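Colleague: I'd like a close look at one part of this model, please. Take your time and walk me through it in one go.

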Amino acid sequence: MTEETIFTKIINGDIPSDTIYEDEHCICIRDIAPQAPTHLLVIPRKPIPKLADMTPEDKPLLGHLMLTIGNIAQQVGVGDAFRVVINNGANAGQTVFHLHFHILAGHPFSEGLV
Ligand code: AMP
């Protein structure tokens, strides 16, 4: 059996988190080591390791996650300027192998991505 990630433990309530939103498909928590004034993580309840592991059956979930990200950004007051980041794979900086979307906001962004 694959070992549970820290995000599965958070979703199951086994370890605490600063949860700001949840529904039947996902949760949104504050990142424990924020890299911007607002740094949130939107995490599907389904333990998909990374973006590239999603399958066609995950299409509705992916749409839900993207819409939810926009709604949460509005809810926390950063709806006009936020960045969404997905690290896919260790070589892209992924450290927790349970798919998650970073929402970053609250400071100026450059036009480039890297
Ligand atoms: P990534 O490097 O894309 O896999 O992102 C993992 C993120 O999870 C990092 O930004 C960490 O700071 C964050 N993180 C790790 N453990 C926790 C935790 N217990 N609660 C909230 N965020 C966490």
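How far is the sulfur of C28 from the closest cysteine sulfur, and which residue holds that one?

Modeller: Bear in mind that this is a predicted model. The cysteine sulfur closest to that of C28 belongs to C26, and the separation is 7.9 Å, which is too far for a bond. The cut-off for a disulfide is a pair of cysteine sulfur atoms within 2.5 Å. A disulfide is, after all, a covalent bond between the sulfur atoms of two cysteines.

Now for solvent. C26 counts as buried because its relative accessibility is 0%. C28 also has 0% relative accessibility, so it counts as buried too. The threshold for that label is under 20% relative accessible area.

As for where they sit, strand β2 covers residues 26–30, and three bridges join it to β1, the two running antiparallel. One spot to look at in that pairing is T19, which stands opposite I29 in β2.

Zooming out, β2 belongs to an open sheet of five strands, ordered β1-β2-β3-β5-β4, with antiparallel pairing. The edges are β1 (19–22) and β4 (82–85), each of which pairs on one side only. On average, neighbouring strands in this sheet are turned by 20 degrees against each other, direction ignored.

Conventions: Residues numbered from 1 in each chain as written. Predicted model: local features only at pLDDT ≥ 70, side-chain atom pairs only at ≥ 80, totals over all residues. Heavy atoms only, no water. Pairing = 2+ DSSP bridges. Helix = DSSP H or I, 4+ residues; strand = E, 2+ residues; numbered from the N terminus. Axes fitted to C-alpha atoms, helices over the stretch in contact; angles between N-to-C directions. Buried < 20%, exposed > 50% of the residue type's maximum accessible area, 1.4 Å probe, protein only.
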